[in-house]
Amino acid sequence: MTYVAALDLDDTLLRSDYTLSHATRDTLREWQARGCRIVIATGRPPRSVGGSLPDELQGVPWICYNGAEICEDGRTIYRNLLSTEDTRRILRRLLDAMPAAVLGLEIDDVLYLNRPWQRPTAYELVDLLEVADRPAAKILFFTDKAAGLSDTFSDLPPSARVMVSDKYGLVQIMARTADKAQALRFLMARWGLSMQHVVAFGDDINDVDMVQHSGIGVAVENAIAEVKAVADRVTLSNDEDGVGAVLRELMADGCSGDGHPSVV
């Protein structure tokens with residue numbers, strides 16, 4: 001019986017205009033009314049999650065930073081971060097290899113940048129090495145030439161890993177074990193459940209492990225090939241209510257919760 005829905009946000013649950021359809025919202029409300037749980041699983045930082053969600057999803061767990069943190073009811077309940085030592089070592093390596101690049105550092109829900117960035121995202125312009133005095137959720141930068149940086153990436157600490165999203169030209173460096181699937185395992189253990197109770201939805205490279213290791217892994221139609229390759233099924237696109245279609249199907253088959261809704 002599957003009754004935990006793990007939902008990626010951008011290009012999966014949310015439409016291309018970053019809104020949630022009325023049909024999907026109604027489906028999620030019915031899912032919760034049955035006592036079924038919902039987990040948001042996104043690459044976004046906590047500060048940018050809430051504004052995209054209706055009231056009934058404000059209190060559910062949010063897996064953020066691709067699994068580096070979990071927030072619930074405004075509290076951080078789980079962290080899997082790059083150590084301060086590793087963060088500083090990686091930053092020095094990237095700054096030497098890409099002196100003209102815009103590099104970002106996410107620490108304590110703040111984005112720090114080394115150079116001005118022409119994007120509608122709040123950030124603080126700083127010397128990154130000066131603020132890298134705490135563990136980091138991730139180091140990030142945008143490039144369309146990630147393949148040419150293999151020598152730079154090969155010198156990373158063994159406790160770190162690189163995630164390259166060709167879809168957005170985004171490179172993210174995080175703790176090696178930080179991913180959405182690992183964060184979900186933490187939540188399942190907390191609830192006395194297993195990954196077999198999860199139906200997970202995703203579209204991009206940061207969703208592969210979550211989709212692959214859940215009881216039911218679902219790729220939306222607009223997902224990249226790597227997600228579709230590990231998914232149990234492919235649903236409609238994010239603009240066609242793909243998440244809602246699968247959840248309605250599961251509810252029609254008698255899927256129900258454990259009597260403990262995630263919103264009370």
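## Close-up views of a predicted chain

**View 1. Helix α9 and its packing partners.** The buried residues of α9 pack against β1 (4-7), α1 (9-13), α2 (22-33), β12 (198-202), β13 (216-220) and β14 (233-235). Contact means heavy atoms within 4.5 Å. Helices (H or I, at least four residues) and strands (E, at least two) are DSSP runs, numbered from the N terminus. Helix α9 covers residues 242-252, and its buried residues are Gly242, Val243, Gly244, Val246, Leu247, Leu250 and Met251. Buried means under 20% relative accessible area, exposed means over 50%, and partly exposed lies in between (1.4 Å probe, protein chains only). Gly254 follows α9 and has a positive phi, near 100°.

This is a predicted model, in which local features need pLDDT of at least 70 and side-chain atom pairs count only at pLDDT 80 or more, while totals for chains, interfaces and linings use all residues. Residues are numbered from 1 along each chain as its sequence is written, and side-chain values use heavy atoms, with hydrogens and water left out.

**View 2. The whole chain, for orientation.** The chain holds nine helices and 14 strands. Its radius of gyration is 18 Å, close to the 18 Å that the globule rule gives for 264 residues, so the chain is as compact as a globular protein of that length. That radius is taken over C-alpha atoms, and the rule is 2.2 Å times the number of residues to the power 0.38. Along its principal axes the C-alpha trace spans about 55 × 35 × 35 Å. Of the 264 residues, 55% count as buried. Among contacts between residues at least 6 apart in sequence, 57% join residues at least 24 apart.

**View 3. Surface and charge.** The chain exposes about 11400 Å², and carbon and sulfur atoms supply 49% of this area. Accessible areas come from the Shrake-Rupley method with a 1.4 Å probe; for residues, only the protein chains shown count as cover. There are 27 positive and 39 negative side chains, and the centres of the two sets lie 2 Å apart. Lys and Arg count as positive, Asp and Glu as negative; His and the chain ends are not counted. Each charge is placed at NZ of Lys, CZ of Arg, CG of Asp or CD of Glu.

**View 4. Asp204 and its neighbours.** Asp204 sits in the loop between β12 and α7 (208-213). Asp204 is buried, with a relative accessible area of 5%. Its side chain and that of Ser165 are joined by a polar contact of 2.6 Å. A polar contact is a pair of N or O atoms within 3.5 Å; within protein, one must be able to donate a hydrogen and the other to accept it, and residues adjacent in sequence count only if both atoms are side-chain atoms. Leaving aside residues up to four places away in sequence, Asp204 touches Ser165, Lys167, Tyr168, Ile224 and Val227.

**View 5. Two aspartates with positive phi.** Asp241 lies in the loop between β14 and α9. Phi of Asp241 is near 65°, positive in a residue other than glycine. With a relative accessible area of 14%, Asp241 is buried. Asp108 is placed in the loop between β6 (104-107) and β7 (110-113). Asp108 is not a glycine, yet its phi is positive, about 50°. At 41% relative accessibility, Asp108 counts as partly exposed.

View 6. Ser83 is in the loop between β5 (75-79) and α3 (84-97). The Ser83 side chain reaches the backbone nitrogen of Asp86 at 3.0 Å. Ser83 counts as partly exposed, at 32% relative accessibility. From Ser83 to Phe153 is 70 residues in sequence and 17 Å in space, C-alpha to C-alpha.

**View 7. Leu149 in its loop.** The loop between β9 (138-142) and α5 (150-154) carries Leu149. Leu149 is buried, at a relative accessible area of 13%. Not counting residues up to four places away in sequence, Leu149 touches Met98 and Phe141. Gln118 is 31 residues from Leu149 in sequence and 23 Å away in space, C-alpha to C-alpha.

**View 8. Loop residues Gly51 and Arg119.** Gly51 belongs to the loop between β2 (37-41) and β3 (62-64). At 79% relative accessibility, Gly51 counts as exposed. Arg119 belongs to the loop between β7 and β8 (124-125). Arg119 counts as partly exposed, at 39% relative accessibility.
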